[in-house]
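Trainee: I would like to learn how to read the packing of helices and strands in a model. Where do we start?

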Amino acid sequence: MSVYEKTFTLKDEDHTMGNSVRYMLNKNPQVSLAGYSVPHPMERSVNVRVQTTGEVTATAAMRDALLDIISVCDHVHDTFDTKVAEFKAKTPAPMEADKK
């Protein structure tokens, strides 16, 4: 097996992470194949298969995909916090009688 193809095992993960990693890997034009499988429904692990075009290693492509996922999560978190703050600023605080 070369450095351009590799299978990674993600422990304590499920389809949520497997599909997210697969999606980010497939967005990379230097990745020729990316897929994942869950070995058994009762086993909390995901196998992610990566093959690249030879321009980057499979490990580098996986690292980039994971960093992209972190960036997306950070963006969602920041956007959510901003919108909650905007909503609270527009909405008047309830009166004591309304809380009952």
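Mentor: This is a predicted model. Begin with the two helices: α1 and α2 are roughly perpendicular to each other.

Trainee: At what angle do helix α1 and helix α2 pack, and how far apart are their axes?

Mentor: In general, the angle between the axes and the distance between the axes describe two packed helices. Here, α1 covers residues 15–27 and α2 covers residues 58–90. They pack at about 110 degrees, with the axes 9 Å apart. An angle of 65 to 115 degrees counts as roughly perpendicular, and therefore this pair gets that label. The crossing of α1 past α2 is right-handed.

Trainee: Which residues make the contact?

Mentor: From α1, the residues are Met17, Ser20, Val21, Met24 and Leu25. From α2, they are Ala61, Met62, Ala65, Leu66, Asp68, Ile69 and Val72. Sorted by class, the contact has 10 nonpolar residues, one polar and one charged.

Trainee: Now the sheet. In what order do the strands lie?

Mentor: The order is β1-β3-β2, in an open sheet of three strands with antiparallel pairing. β1 (5–11) and β2 (31–37) are at the edges and have a single partner strand each, so one side of each lacks a neighbour in the sheet. From one strand to the next, the twist averages 15 degrees.

Trainee: How many bridges join β1 and β3?

Mentor: Seven bridges join β1 to β3, which spans residues 45–52, in the antiparallel sense. As one example, glutamate 5 has glutamine 51 of β3 as its bridge partner. Both helices also pack on this sheet. α1 touches β1, β2 and β3, and its direction makes about 175 degrees with that of β2. α2 touches β1, β2 and β3 as well, with its direction at about 40 degrees to that of β1.

Trainee: And how many bridges are there between β2 and β3?

Mentor: Six, again with antiparallel pairing. There, valine 31 has threonine 52 of β3 as its bridge partner.

Trainee: How many salt bridges does the structure hold?

Mentor: In general, side chains of opposite charge can pair when their charged atoms come close. This structure holds four salt bridges. One of them joins the side chains of arginine 49 and glutamate 5, at 3.6 Å from N to O. Arginine 49 is in strand β3 and glutamate 5 is in strand β1, so the pair ties together parts 44 residues apart in sequence.

Conventions. Residues numbered from 1 in each chain as written. Predicted model: local features only at pLDDT ≥ 70, side-chain atom pairs only at ≥ 80, totals over all residues. Heavy atoms only, no water. Axes fitted to C-alpha atoms, helices over the stretch in contact; angles between N-to-C directions. Helix = DSSP H or I, 4+ residues; strand = E, 2+ residues; numbered from the N terminus. Parallel < 35°, antiparallel > 145°, perpendicular 65-115°, else oblique. Left-handed = near helix turned anticlockwise from the far one by under 90°. Contact = heavy atoms within 4.5 Å. Nonpolar A, V, L, I, M, F, W, Y, C, P; charged D, E, K, R; others polar. Pairing = 2+ DSSP bridges.
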